[in-house]
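Please consider the model shown below. The paragraphs that follow lead through an annotated segment, a helix and the aromatic side chains.

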Amino acid sequence: MESNIEQKKVIFSGIKPSGDLTLGNYLGAIKNWVSLQNEYDCYYCVVDLHAITVKQKPADLRKRTLEVLAIYIASGIDPEKNTLFIQSHVPAHSEASWLLTCNSYMGELSRMTQYKDKSQKMGESIGAGLFNYPVLMAADILLYNSDLVPVGKDQIQHLELARDIATRFNNTYSPTFTIPEGYVPKEGAKIMDLQDPSKKMSKSEENPNCYILIMDSPEVIKKKISRAVTDSIGIINYSDDQPGVKNLINIICAIKGISPQEVVSSYEGKGYADLKRDVADIIIEELTPVQERVKKLLSDKKYLEEIYRSGAQKASFAANKTLRKMQKKIGLIPK
């Protein structure tokens, strides 16, 4: 008998626990994931193996890994509907990464923009992990036969590599992987640096006024927004000529789900001080309940442990099926 249940498409995504998460992570990724959970079969991972491409303090890595998981849940990602897990708890990621590394080329990895940028700064002492991690990213995606991967512009190149590696493997050994597509959210919120709105908000900036952290206090948020760069034009418009103002408007749009035009018309005759005050209030109103829930979750380590253990079990079941196929096709003897 044919099943009437249409199989949901699979989405995979993850965030590195290498620093505190920003408003950019929340509005650009996590808030969108919440809206995808009813429509898709979602695997949301804390990618701790990616974090160690750069040296981490062990205690900090452990703390941040749990905090990222807590932020996922506190933001509205339901552990019952989604598979939430920690990457290193599913050994198939590391194993598949090696098998895919043996089907990847030095040339294509050395062309990755992030590697090129970092190798220019670090020279010969760049870690091999920074060279190879796009293959691990490909393994993350391909193990779950992901149909869609939410991507920002800076990740499109990595997704293209995953598609190339999957196609090469399928052509060499017979069809094994789904070729993933990029998923660009309808309301794509790209939140920019508060001090330099030409670049994306990033937790790796040295100046803390460049970003707002999900766990920043209301006082800190108000201070950082009041210091956000605007311009000397003095009129609130949504224009590329006013990137600082445009960024503040984008924050309102992403949180409130309204259009830039609606925001601009509501500030007719008002100045930047009004805009900044409102942006700070809107961010605080959005993040306060999330922060309270994160603190509550982090105080219940047993509950978080249940979530990541059952998530790893579910993820392992799916990932191991793909891994066994890969091993068999390559010619490895099954154990």
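UniProt positions are given here in the numbering used for this model, and such annotations may be inferred rather than shown by experiment. The model itself is predicted. According to the unreviewed UniProt entry, residues 17-25 carry the annotation "short sequence motif: 'HIGH' region". Across residues 17-25 the chain is 33% helix and 0% strand, with 12 Å between the end C-alpha atoms.

Helix H7 spans residues 128-142, 15 residues in total. From its first C-alpha to its last, H7 reaches 22 Å, close to the 21 Å expected at 1.5 Å a residue. Because 12 of its 15 residues are buried, H7 is largely enclosed by the rest of the structure. Pro134 is one of these buried residues, which also include Phe131, Tyr133 and Asp140.

The aromatic side chains come next. Rings are counted as a pair if their centres lie within 6.5 Å, and by this rule there are 8 aromatic pairs. In the pair Trp33 and Tyr44, the ring centres are 4.5 Å apart and the planes meet at 5°, so the two rings are stacked. Since Trp33 belongs to helix H1 (residues 23-36) and Tyr44 to strand E2 (residues 41-46), this pair ties together parts that are 11 residues apart in sequence. Trp33 is buried, at 2% relative accessible area, and Tyr44 is likewise buried, at 0%.

Elsewhere, Phe12, Tyr43, Phe85 and Tyr144 make up one aromatic cluster. A further ring, that of Tyr238, has the charged end of Lys246 over it, 5.2 Å from the ring centre.

How values were computed:
Residues numbered from 1 in each chain as written. Predicted model: local features only at pLDDT ≥ 70, side-chain atom pairs only at ≥ 80, totals over all residues. Heavy atoms only, no water. Phe/Tyr/Trp six-rings, centres within 6.5 Å; stacked < 30°, edge-to-face > 60°. Helix = DSSP H or I, 4+ residues; strand = E, 2+ residues; numbered from the N terminus. Buried < 20%, exposed > 50% of the residue type's maximum accessible area, 1.4 Å probe, protein only. Lys NZ or Arg CZ within 6 Å of the ring centre and 35° of its normal. Expected span 1.5 Å × (residues − 1).
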